[in-house]
Amino acid sequence: TDKKISFNIVVKNVSKTKKASSKNKTIQAKGSLKRSVRVNGELELEVKKTKGKGVKDRQLKWTVKDSSILAFEDIYDDEMEFVGIKPGKTTVTCTNTANKEKVTFTITVK
């Protein structure tokens, strides 16, 4: 036929969503999120930086919730060494300061 149709499409309120998959994460824990160490023993924690996401070592910030139980020993940016101080339970968090993404480890000192 010789008939023509014209129309306009208007898209409103479009929001971008990301799936919560490991592919979208810029840092991930290497190994288990729950660890244990003896008093005076050493423990190494490490995060894996996703390739191609541009995470710099200086953007990683490590914190210990209760430093009377577990203390920093050596700092290597994407991996950290800790020493057990006294028996108890605490958490260690690695934060990507660029996007506020966190990886939290639960540590038991025996």
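In this predicted model, the residues I5, F7, I9 and V11 make up a nonpolar patch on the surface.

**Overall architecture**
- The protein contains eight strands and zero helices.
- Read from the N terminus, its elements follow the order β-β-β-β-β-β-β-β.

**Surface and burial**
- The protein has an accessible surface of about 8,300 Å².
- Carbon and sulfur atoms account for 48% of that surface.
- Of the 110 residues in the protein, 30% count as buried.

**The nonpolar core**
- The largest nonpolar core consists of 19 residues.
- Within this core, the residues with the most contacts are L45, W62, L70, F82, V92, F105 and I107.
- At least two core residues come from each of β3 (42-49), β4 (60-64), β6 (79-84), β7 (88-96) and β8 (101-109).
- The strand β8 supplies four residues, the largest share of this core.

**L70 and its contacts**
- L70 belongs to the group of residues with the most contacts inside the core.
- Leaving aside residues up to four places away in sequence, L70 touches V37, V64, F82, V83, G84, I85, T90, V92, I107 and V109.

Note on methods:
Residues are numbered from 1 along each chain as its sequence is written. This is a predicted model: local features need pLDDT of at least 70, side-chain atom pairs count only at pLDDT 80 or more; totals for chains, interfaces and linings use all residues. Side-chain values use heavy atoms; hydrogens and water are left out. Patches are made of residues with over 30% relative accessible area and no salt bridge: like charges are joined within 9 Å, nonpolar side chains (Val, Leu, Ile, Met, Phe, Trp, Tyr) within 5 Å. Accessible areas come from the Shrake-Rupley method with a 1.4 Å probe; for residues, only the protein chains shown count as cover. A salt bridge is a side-chain nitrogen of Lys or Arg within 4 Å of a carboxyl oxygen of Asp or Glu. A nonpolar core is a set of buried Ala, Val, Leu, Ile, Met, Phe, Trp, Tyr and Cys residues joined through side-chain atoms within 4.5 Å. Buried means under 20% relative accessible area, exposed over 50%, partly exposed in between (1.4 Å probe, protein chains only). Contact means heavy atoms within 4.5 Å.
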